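Here is a short briefing to read beside the model.

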There are 2 protein chains.
Amino acid sequence: MGSGKILVAQGGGPTAVINQSLVGVALEARRFRDVTRVYGALHGVRGIVDEDFVDLTQETSHNLELVAATPSSALGSTRDKPDEKYCAEIFNVLRAHQIEHFFYIGGNDSSDTVRIVSEQARAAGYPLRAIHIPKTIDNDLVGNDHTPGFPSAARFVAQAFAGANLDNASLPGVYVGVVMGRHAGFLTAAAALGKKFPDDGPHLIYVPERTFDIERFLADVKATYERHGRCVIAVSEGVHDASGAPIATLLAKELEHDAHGNVQLSGTGALADLLCDEIRAKLGIKRVRGDTFGYLQRSFIGCVSDVDQREAREVGEKAVQYAFWGDRDGSVAIRRTGFYSADYELLPLNAVAGKTRTMEDEFIASSGTDVTDAFRLYLRPLLGSGMPDAFRLRCARVEKVLRR
Amino acid sequence: MGSGKILVAQGGGPTAVINQSLVGVALEARRFRDVTRVYGALHGVRGIVDEDFVDLTQETSHNLELVAATPSSALGSTRDKPDEKYCAEIFNVLRAHQIEHFFYIGGNDSSDTVRIVSEQARAAGYPLRAIHIPKTIDNDLVGNDHTPGFPSAARFVAQAFAGANLDNASLPGVYVGVVMGRHAGFLTAAAALGKKFPDDGPHLIYVPERTFDIERFLADVKATYERHGRCVIAVSEGVHDASGAPIATLLAKELEHDAHGNVQLSGTGALADLLCDEIRAKLGIKRVRGDTFGYLQRSFIGCVSDVDQREAREVGEKAVQYAFWGDRDGSVAIRRTGFYSADYELLPLNAVAGKTRTMEDEFIASSGTDVTDAFRLYLRPLLGSGMPDAFRLRCARVEKVLRR
C-alpha cells in the first residue's frame with residue numbers, strides 16, 4: 001500500500017441507517033494496519049471534486065456510534081449524477097490526495113459512478129480499489145435480497161398504515177396513502193404488513209409493476225366500500241397507465257378539462273388529492289382523505305428496524321474487508337441464507353450499475369391489488385423487533401330496549 | 001344506586017391514547033360494588049341514539065390492557081355535533097336503558113354534549129351523573145394544563161421535524177411541513193422540540209395565533225436561506241391573514257390570477273404545495289419540498305409518550321371516582337403540580353364546553369416565528385421517555401491539495 005488514505009462518501013436520498021454503513025467503513029478500516037487516514041467527502045461526489053474532505057480518523061468511536069444511530073447522511077449527500085467527465089474530475093482528486101481506496105454508499109446512480117471511476121483508474125494504471133455500498137429505500141438494486149434503508153422505510157409505511165387503518169375504522173370513509181418507491185412497488189407493498197385482522201386495511205394496494213386503470217380503481221374502491229363500509233388504499237407514487245404515463249398527470253388533465261377553465265388542479269398536483277377528488281366525484285362518498293407520506297417515510301427519527309441497522313453496518317464493514325483482502329472492485333450485496341439470516345457477497349459493478357429491480361411477480365397477488373404470502377414472509381423478518389401491534393375489543397352486543 | 005349500569009363513549013378525532021381513558025373507565029368502574037355493567041356506545045353519540053351498545057364488562061382485563069395500548073378509538077367515533085334535540089334523544093336512550101352514569105371522552109364539542117345532556121337530565125328529574133373526559137391533539141381545551149393525546153401527537157411532530165431537519169441538512173433546500181391544530185398552534189409549535197443544534201431546523205414556525213403575512217414569510221425564508229443555505233419551516237394548517245381568511249384560500253386565488261387561465265392550483269389545494277410554489281416563484285430557490293403531515297400525526301402506531309399514556313388512563317379512572325364519590329357533573333382536567341407531575345380536578349362543564357384555548361403569548365417568541373423557552377419547558381416533560389436523539393460528526397477539515 002501507498003498513502004494509506006481511504007475515502008468514503010454518501011450519495012442520493014438519505015435513509016434511516018445510511019450512517020451505519022459510514023461508521024462501518026470508518027471503524028473497520030481503522031483495524032487495518034495499512035490504513036493511516038479515513039477521509040469523508042462532504043455531499044457525495046460533489047465534495048470530492050470540490051476537495052471538501054473531513055478526517056474521520058479524528059472522530060471518537062463513541063461519537064461515531066451515536067452518529068451511526070442517527071438517520072440521514074451525516075456527511076451530506078448530493079443529487080449529482082456524474083458523467084464520464086465528472087468522473088474524470090473525481091479520479092483526478094483521488095489521485096492528487098493519493099487515495100487508493102474509495103467507498104461510495106448509494107443507489108443505482110452511485111454504483112454507476114463507482115463503475116466509471118473504477119474503469120478510469122484501471123485505464124490510467126492507477127492502483128484504485130473502488131467499492132459500492134448499497135443503500136436505497138426503494139429496494140430497487142438488482143442482485144440484492146434487499147437493500148439497507150428499505151426495511152426501516154418499510155417499517156414506517158407498515159406502522160403508518162396500521163395506524164391509518166385504526167383511524168379509518170373509527171371514523172369510516174376512504175383513506176388514500178401515497179408511498180414513495182419510484183418504479184419499484186416494494187415500499188408501497190409494505191403497507192400490507194400493517195394489516196392484522198381479515199377486514200383491516202389496506203384493502204387495496206397499487207404498485208407500479210401493474211398498469212393502473214382509473215375505472216378499475218374506482219370499481220375496486222366501490223366494491224370494498226360496499227363490503228366493509230370503508231376503504232384504506234396504498235398507492236405508489238409511480239403508478240402509471242398502459243402507455244407509462246403517470247396517473248397524476250392524466251388525472252390533472254382530465255379534471256382540468258372537466259372544469260372548463262375553472263381552476264381546479266395543478267399539473268403536478270399531489271396524486272393523493274387527485275385520487276380523492278375522483279372518488280368523491282365519481283362514487284359520491286363524502287368522507288375521503290388522502291395523505292402523501294413524503295419525506296417522513298425516509299427521514300422520521302425513531303422508526304428504525306434493528307435488522308436494517310445491523311445489516312447497514314455490516315455492508316460497510318464487509319466493503320472494507322473486500323477492499324483489502326479481495327482483488328477486485330465491486331458492489332456489496334445482501335444474500336438471504338435463512339429465515340432469517342443474511343450473508344454478503346461482492347458483485348461485479350456492471351452487474352448492479354444502471355439496472356433497476358422491480359417487484360417479482362410472485363410477490364404480487366393475481367388481483368393486482370394485494371401482495372402474496374411470499375411477500376409477507378419476505379418482508380416480515382426485515383422489519384425487526386418490537387413492531388407495535390393493534391388489538392380490538394371483542395364486542396358483546398347489548399340488546400336494544402327501544403324499537404330502533 | 002339503581003341499575004348499576006354505566007355508559008362510556010368516544011367522540012371526535014382519535015388519538016394515540018384515547019383507549020387508555022376508555023380502559024381507565026372500564027377497569028376502575030368494576031372496582032365499585034354498585035356497578036353491574038359497563039356499556040360502551042359504538043361510534044360516540046351516534047351509537048347512543050342508535051342503541052349500539054357493547055358490554056365491556058364481558059371483556060378480559062388482559063385484552064382491555066392490549067386495547068388501551070392501541071391507538072385510535074376502539075369503540076369507534078363520530079363527527080356528529082348534537083344539538084338540543086339530538087341530546088334529548090341521547091337522554092331518552094340513557095333513561096330507557098336505566099343508565100345513570102355517562103362518560104364521554106372527547107374535545108370541545110363532546111364537552112358541550114355532556115353539558116346539554118346533564119341539563120336535560122336535571123330538568124327531567126332523572127338521576128344522571130355525566131362526566132366529560134378530555135381528549136384532543138389540538139390541546140385547545142380551556143382549564144387544562146394540556147389534554148391527553150396532545151403529547152403523543154406533539155412527539156410525532158417533534159420526531160418528524162428532527163428527521164426532516166437531518167434530511168434537509170443532507171440535501172439542502174427549503175422544507176415546509178404543515179401541521180394540524182385548527183385554531184391552536186400548540187402542535188405546530190411542538191416542531192421546535194425537534195431542534196438540537198443552534199443551526200438546526202425548524203428555523204421558522206408559523207402558528208395561527210399570529211397573523212400570517214405572505215410577504216413577510218417570503219422575507220423570513222430568504223433571510224434564513226441566505227444564512228444557513230437551507231430552511232426548515234413548520235406551518236400550522238390554521239394560518240390566516242389579518243381578516244381571518246385562510247392562507248391556502250388566498251394563495252390559491254392569487255396564483256390562479258397569476259396564471260391567466262393556465263390551470264395551476266386547486267382552490268382547496270394543499271397549503272404546503274401552495275407555499276412551496278410561492279417560494280419557488282418568488283425566491284427562485286430550486287429545491288423546495290413540502291409535506292402535509294395529515295393523519296399520520298394523530299394515528300401513527302408506535303410513536304407515543306408514556307406520560308401521555310399514563311395521564312390518559314388516569315383521567316378515565318378519576319372520572320369514575322368523581323362520578324361515584326362526588327356530587328356533581330363536570331369535566332376532568334389536568335393540572336400541573338411539579339416539573340414534572342400532574343394532578344386532576346373536576347371543572348364545571350360550562351367552564352370547558354364550547355370554549356377554545358389558543359397558545360398563550362408567553363409561549364410565542366417576539367419574532368412571531370419561534371417558541372420561547374417557557375414553551376420548551378412546558379412541552380419537554382410531556383413528550384415522555386426514550387425520545388430519539390440526533391448526533392453530528394465533528395468535522396476536522398482536510399487541507400485541499402488542488403487549487404479549488
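K400(B) and D52(A) form a salt bridge, with their closest N and O atoms 3.6 Å apart. K400(B) lies in the segment after α14 (373–379) of chain B and D52(A) in the loop between α2 and β3 (53–55) of chain A, so this pair joins two chains. This is a predicted model. Over all chains, the salt bridges number 56.

**The inter-chain pair**
- Side chains of opposite charge can pair when their charged atoms come close.

**Salt bridges within chain A**
- R313(A) pairs with E65(A) in a salt bridge, and the closest N and O atoms are 2.6 Å apart.
- This pair links distant parts of the chain: R313(A) sits in helix α12 (residues 306–325) of chain A and E65(A) in helix α3 of chain A, 248 residues apart.
- The two partners fall into separate accessibility classes: R313(A) is buried, with a relative accessible area of 15%, whereas E65(A) is partly exposed at 36%.
- R46(A), D50(A) and D80(A) belong to one network, joined by salt bridges that share partners.
- Within that group, the side chains of D80(A) and R46(A) meet in a salt bridge at 2.9 Å, N to O.
- D80(A) is in the loop between α3 (61–68) and α4 (84–96) of chain A, and R46(A) is in helix α2 (residues 44–49) of chain A, so the pair ties together parts that are 34 residues apart in sequence.
- Both of these residues are partly exposed: D80(A) has a relative accessible area of 29%, and R46(A) has 35%.

**The annotated site**
- Which residue does UniProt list for "binding site"? The unreviewed entry lists G13(A).
- G13(A) is placed in the loop between β1 (5–10) and α1 (18–29) of chain A.
- Is G13(A) buried or exposed? G13(A) is buried, because its relative accessible area is 11% and buried means under 20%.

**Cis peptide bonds**
- The bond from G201(A) to P202(A) is cis, with omega near 5 degrees.
- P202(A) lies in the loop between α7 (186–189) and β7 (204–206) of chain A.
- F339(A) and Y340(A) are also joined by a cis peptide bond, with omega about 5 degrees.
- Y340(A) is found in the loop between β10 (330–338) and β11 (341–347) of chain A.

- Q98(A) is not a glycine, yet it has a positive phi of about 55 degrees.
- Q98(A) is in the loop between α4 and β4 (99–106) of chain A.
- Q98(A) is partly exposed, with a relative accessible area of 46%.
- S72(B) is not a glycine either, and its phi is positive at about 70 degrees.
- S72(B) lies in the loop between α3 (61–68) and α4 (84–96) of chain B.
- S72(B) counts as buried, because its relative accessibility is 5% and the limit for buried is under 20%.

Note on methods
Residues numbered from 1 in each chain as written. Chains lettered and ligands numbered in written order. Predicted model: local features only at pLDDT ≥ 70, side-chain atom pairs only at ≥ 80, totals over all residues. Heavy atoms only, no water. UniProt positions renumbered as here; feature names shortened; annotations may be inferred. Helix = DSSP H or I, 4+ residues; strand = E, 2+ residues; numbered from the N terminus. Buried < 20%, exposed > 50% of the residue type's maximum accessible area, 1.4 Å probe, protein only. Salt bridge = Lys/Arg side-chain N within 4 Å of Asp/Glu carboxyl O.
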